[in-house]
Amino acid sequence: MNAFPKLLNILIIEDNKGDQLLVKDYLDDEVPDSFYKIAETFEQASTLLQDENEGFNLILLDLTLPDKEGIDLIKSILSLGENIPIIILTGYVDIDFSIKSLVLGVSDYLLKDTLTSASLYKSIAYTFERRLIDKQLIASNKRYQELFQFNPQPIFIISVKNLNILDVNEAAVVKYDCSREEFLHLNMKDIQDDFNEELVDYFLTNKNFRLEESYHHKCKDNQLSVVDLRGNLIDFKGNKAILLLAIDITERYQYITKIEKQNKKLSDIAWQQSHMVRAPLTRLMGLVDLFEMEQKIKSVELPDELNFLLSNMLSSAHEIDKVIKEIVRNTHDEGEEEE
């Protein structure tokens, strides 16, 4: 993408006639389609910059004017010019001053004695290229902030060095019922008791990670939440940090815990049915069999009514045994389906 404007409208702030002509000649050589106006005093420059119809997109500034100069002049032009890039053209060699000017927001600092049409054009081209890159970085940072702040799940940015919380998004503030200021005074161990060096080592080894275990989170004395952790390593303001996404699975965890308790109850019931109920039933069946066997051995004929009772008792016992086995089997199958 070409960052150079199609129409270059320049304000030349210069009180020296010779330097004015020199700069105009250089501009005519390199950017002949450009427009420019000249201000010989700060007052004239101020009037032009406050005129919305002028539409300047570049300022060439001399540092010494009859009514203002130096740092005071730079700050005033920066204030009036808002986002208009400024290139300083000066006859004074002062490295410290040039650095201070750039820190204030000036785009470039050129010496008149070494100025050429090529160097002026290069400075202008680089100025607009840097501004384009700056805009892209600002837009990228804005998108990141939107993704960070508007994510519905809590996000933490944690220092790898000491596990201090460096930033949180709005979802974390709402979910954990802690203000951002409160979070910034906390360590991740205050949120998660078992957040230790082993986890940090895992994060450092795996740039993109998803922990298989679930963890318990809280802020201050608030109710615990169960979370899954995901994230990756990032550079945060020049320092290595962990961007941690805490996905709330409290409801799912409570549901699974409830199912596990139900399964435990079903297993206990199955064990009781299988052992505690069937044991006396088995003994009863054994007694009936023993009674019949002894009857056969001694060749004793029992009354028909007693034989009928014994036969029905044994049959009923077998039926009850079959029902118990079916209950145990169904209980076991139900437990497996719930899991």
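Mentor: Just after α4, G105 takes a positive phi of about 130 degrees; helices here are DSSP runs of H or I with at least four residues, strands are runs of E with at least two, and both are numbered from the N terminus. This is a predicted model, in which local features need pLDDT of at least 70 and side-chain atom pairs count only at pLDDT 80 or more, while totals for chains, interfaces and linings use all residues. Residues are numbered from 1 along each chain as its sequence is written, and side-chain values use heavy atoms, with hydrogens and water left out.

Within α4, which spans residues 95–104, F97, S98 and S101 are buried, that is, under 20% relative accessible area with a 1.4 Å probe and protein chains only, where exposed means over 50% and partly exposed lies in between. Seen down the helix axis, the buried residues of α4 fall within an arc of 100 degrees, so they line one face; the arc is taken from the directions from the axis to the C-beta atoms. I95, D96 and V103, on the other side of α4, are exposed. The buried residues of α4 pack against α3 (70–81), β6 (86–90) and β7 (108–111), contact meaning heavy atoms within 4.5 Å.
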